[in-house]
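User: I would like to learn how to read strand pairing and aromatic contacts in a model. Please take me through this one.

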Amino acid sequence: MTQRPVRYGLIVTRSHLEAWESRCMDHLQAQGGVELALVIEAPELDPSPPASLLWRLVRQCLYRPRSGRWCSLAEAVPGVPRIPLAGALSSLRTNPVDFLLHCGNGVIPAELASAPPYGTWAFRHQAWDSPNGPPGLWSVFRGEVITPAFLHRCDTGEILREGALPTLFHSPSRNADQVCQESVTWPAVICRAIQEERRPHPIRSQKLPSTPFLTPTNGQALLLLLRTAGRWLRNTLETLFLDAQWNIGVVDQPIHRFLEPDFKPAVRWLPDPPRGRFAADCFVWEREGRLFLFFEDLDYRSYKGRIWGVELKGAHPLGAPVTVLDPPTHLSYPYLIDHQGVLYMVPESAETREVALYRAVELPGRWERAGVLLRDVPAVDSSLIEYEGRWWLFATLATETGDPNVNLCLWHAPALHGPWEPHPGNPVKTDIRSARPAGPPFVWQGKLYRPAQDCSRTYGGRVVLLRIDRLTPTEFQEEPVRWLDPPSEGPYSEGVHTLCGVGGMTVLDGKRTVFDLHACRHALRRKFGRIWNKLSRLTGRSGAPVTGPSPQP
């Protein structure tokens, strides 16, 4: 496909760029055919008041996000024309650009903001009703479970991209890093649409408030320190001494009943897993009156998941579960596909960076490898469906630095075996509340619905059912219909993160928090392993880290 060139300009209100802003420009440059044409220097637009003494001390000693490290403007944009604000409009007439990207603080004059055909874009890493300030800081201070991010047009108020990240209360620095990291690719994604002559569709129009850039006062900085210390201690103790135990339940109702606002499922739980293990990520398949259940079994001693299978009668296993897949690496989420009379399985194998396909030979325990759908992709909880003549694959990504519960990506193909193509809008959604898949999509009354995890308060906290309104090789849009809290009655009432229906029944998994000695030992090894790695980097010594994998069910 022929792509037209895109030219853009920067508006900067300081003599430097922050590291995340430089990475944003790197993504634009890597897009190909995107050129930085000019830089408008406008320090007079920045109305930021002087920082308080205690906040300056906190910033020097404790609040040091990697995303906020400085890079001088001369180093970041060498050889690019730099123009004062007073001459910006005349320069844009002789050196036109498609859009301006605002780096810094302050309100852009309306005439300048609307001069390029695609307007002026700016980031905001705070909630709508929060003061503007350092990325993600006020979400931590105010105790908000979500840290939002927006890329918006300053001239029209259109929201071009938005995201919702889990607030990391125990580390304001890491919270800043994650919210900046997850949004730096957004301008490049929109540029791709412009290059392909696809008008970027705004999510909605909502004028952002013109709030001043504020940093904490002395009292607020002290309160932030105390709150962060307390939350860090609580997070450390919970990580070391508590862990999740999952089990599987059966509901004798079809999955579409969960769309009803007042539906309260009666769950029959399978026998509790043995101590030191859990059972989660449940999928069922029925043929000729026989019902088979496949799920992840995780042993806390190794902290490695494997796939088990068992035949069911109601909520009772017919015999002991058998091992289905048990490679050296972690497996989970045994997604089932019944295609042309053949049963396939796509387990999650993000650790090996591939999406592999297995074919059933003899149920429940004999399977053979049937191919690889995606290579060099650390896909998490891949969920596939054939819809309107095309195959679709939904998954989040397990990157080294990102949260595997946040970014939803799409692939599509003319057939199950491919070839698979990534969606040009990837990630099509950045939202801790509804990105990661939670079971098979399903069609009810002509509408396509997708179960997803809501991990905003805790991993696997609840499931949200989303109606997919637009699904094409270039577009994607979905809306939440109902949030499903874990069953309040019964032993597993602290979370739910998988929902799978077949015929007139549905299976789900539930979570409870327990103290487990094996999980505690594993958490201690990981904790001291991270400390060892940090000390090794500081001292320049090498040595084997005392750490291990930390898969999620």
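**Strands and rings**

Analyst: Valine 463 has leucine 484 in β30 as its bridge partner. This is a predicted model, in which local features need pLDDT of at least 70, side-chain atom pairs count only at pLDDT 80 or more, and totals for chains, interfaces and linings use all residues. Residues are numbered from 1 along each chain as its sequence is written, and side-chain values use heavy atoms, with hydrogens and water left out.

User: How many bridges join β29 to β30?

Analyst: Strands are DSSP runs of E with at least two residues, numbered from the N terminus, and two of them pair if DSSP finds at least two bridges between them. Here eight bridges join β29 (residues 462-471) and β30 (residues 476-484), which run antiparallel. The two form a hairpin, with four residues between them.

User: What describes a pair of aromatic rings?

Analyst: The distance of the centres and the angle of the planes. Rings of Phe, Tyr and Trp (its six-membered ring) pair if their centres lie within 6.5 Å; planes under 30 degrees apart are stacked, over 60 edge-to-face, and the rest tilted. The count by this rule is 15 aromatic pairs. Tryptophan 55 and tyrosine 63 form a tilted one, 5.3 Å centre to centre with 45 degrees between the planes.

User: Why is the pair of phenylalanine 295 and tryptophan 308 edge-to-face?

Analyst: Because their planes are at 80 degrees, with the ring centres 6.3 Å apart. The pair links distant parts of the chain, 13 residues apart: phenylalanine 295 lies in β14 (residues 290-299) and tryptophan 308 in β15 (residues 304-313).
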